[in-house]
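These are my notebook entries on a protein structure, written in the order in which I looked things up. The structure is shown first, and the entries follow.

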Amino acid sequence: NAVWYVAKTGIPWRDLPDRFGKWDTAFHRFNAWCQAGVWQRVFEAVRDPDLEWLMIDSTVIRAHHHAAGMNGGADDQDLGRSRGGFGTKVHLAVDALGLPLEIVLSPGQDADVTHAPALLGDHEPGAVLGDKGYDSDAFAAAVEARGAAVVIPPRSNRKTPREYDVVLYKERNKVERCINRLKQFRRVATRYEKTSRNFLGMVLFAAITLWLK
């Protein structure tokens, strides 16, 4: 309950209402579960995906100044600068129902297609939908190797544009809607966690709640 309250409202751990008990006990439990990979295992346990389609996208999460200053350098914590400002990019794959399936973090300046193979994982969907940022011959070949249709519009500078299912591509809005639902948790909409590990824990926690609704 304490983790849900912090994730939803975005308040500092120290400001947890007394009814949740000692704030540091709640924080240390959350931190320990992040270190042990508990949130990732729970996320994988509650997933029951519809793999008719797999849709991928990313969003830049601005970092609060409280997220800076972790020992080890900014690159170690998936922080970087992009047009969206200083922050972390959340790469997301959702199933045909628009529910989160894979989550990957990177510095804000990373190209979307760089992390596309990780979003594909070991899944075997009927089709993979993505925007022009994922238009890559190598990624398209990887998708086709799994017997999936590539529903990714070609970049304007392609000499031979790839054909794709324009009608099916309209379904890609489901991944954008999923991102908006995740951002209803203020600890996801803005990054307050210093460590990439704990910020991923917050994103996974939000994703778990979407599966449990």
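Entry 1, Asp 131. I looked up the side chain of Asp 131 and found that one of its polar atoms lies 3.0 Å from the backbone nitrogen of Gly 133. I note that the model is predicted. Asp 131 sits in the loop between E5 and H5. Which side chain of opposite charge is nearest to Asp 131? I find Arg 172, 4.1 Å away. A salt bridge requires a nitrogen-to-oxygen distance within 4 Å, and Asp 131, although buried, has none. I then listed the contacts of Asp 131, setting aside neighbours within four places in sequence: they are Asp 57, Ile 152, Pro 153, Tyr 169 and Arg 172.

I moved on to H5, which spans residues 137-145. Its start carries a contact from Ser 136, a side-chain oxygen of which comes to within 3.3 Å of the backbone nitrogen of Ala 138. Which residues of H5 are buried? I recorded Phe 139, Ala 140 and Val 143. These three are on the same side of H5, because they cover an arc of only 100 degrees around the axis. As background, residues three or four places apart on an α-helix point the same way, because there are 3.6 residues a turn. On the other side of H5 I found Asp 137, Ala 138, Glu 144 and Ala 145 exposed. I also checked what the buried residues of H5 pack against: strand E1 (54-62), helix H4 (116-120), strand E5 (127-129) and strand E6 (149-151). After H5 comes Gly 147, with a positive phi near 80 degrees.

I repeated the check on H3, residues 38-46, where Val 38, Trp 39 and Phe 43 are buried. Their arc around the axis is only 135 degrees, so they share the same side of H3. The cover over these buried residues includes helix H1 (2-9), helix H2 (23-36), strand E4 (100-107) and helix H9 (196-212).

Glu 102 is buried, at 16% relative accessibility.

I next looked at Arg 162 and Asp 135, whose side chains form a salt bridge at 2.8 Å, N to O. Arg 162 is in the loop between E6 and helix H6 (166-169) and Asp 135 in the loop between E5 and H5, so the pair ties together parts 27 residues apart in sequence. Arg 162 is buried at 18% relative accessibility, and Asp 135 is buried at 8%. Both belong to a network of salt bridges that links Asp 135, Asp 137, Arg 158 and Arg 162. I also recorded the salt bridge of Glu 193 with Arg 187, at 2.7 Å between the closest N and O atoms; both residues are buried.

I looked for disulfides and found zero. Cys 34 is buried at 10% relative accessible area, and Cys 178 is buried at 1%.

How values were computed: Residues are numbered from 1 along each chain as its sequence is written. This is a predicted model: local features need pLDDT of at least 70, side-chain atom pairs count only at pLDDT 80 or more; totals for chains, interfaces and linings use all residues. Side-chain values use heavy atoms; hydrogens and water are left out. A disulfide is a pair of cysteine sulfur atoms within 2.5 Å. Buried means under 20% relative accessible area, exposed over 50%, partly exposed in between (1.4 Å probe, protein chains only). Helices (H or I, at least four residues) and strands (E, at least two) are DSSP runs, numbered from the N terminus. The arc is that of the directions from the helix axis to the C-beta atoms. Contact means heavy atoms within 4.5 Å. A polar contact is a pair of N or O atoms within 3.5 Å; within protein, one must be able to donate a hydrogen and the other to accept it, and residues adjacent in sequence count only if both atoms are side-chain atoms. Lys and Arg count as positive and Asp and Glu as negative; His and the chain ends are not counted.
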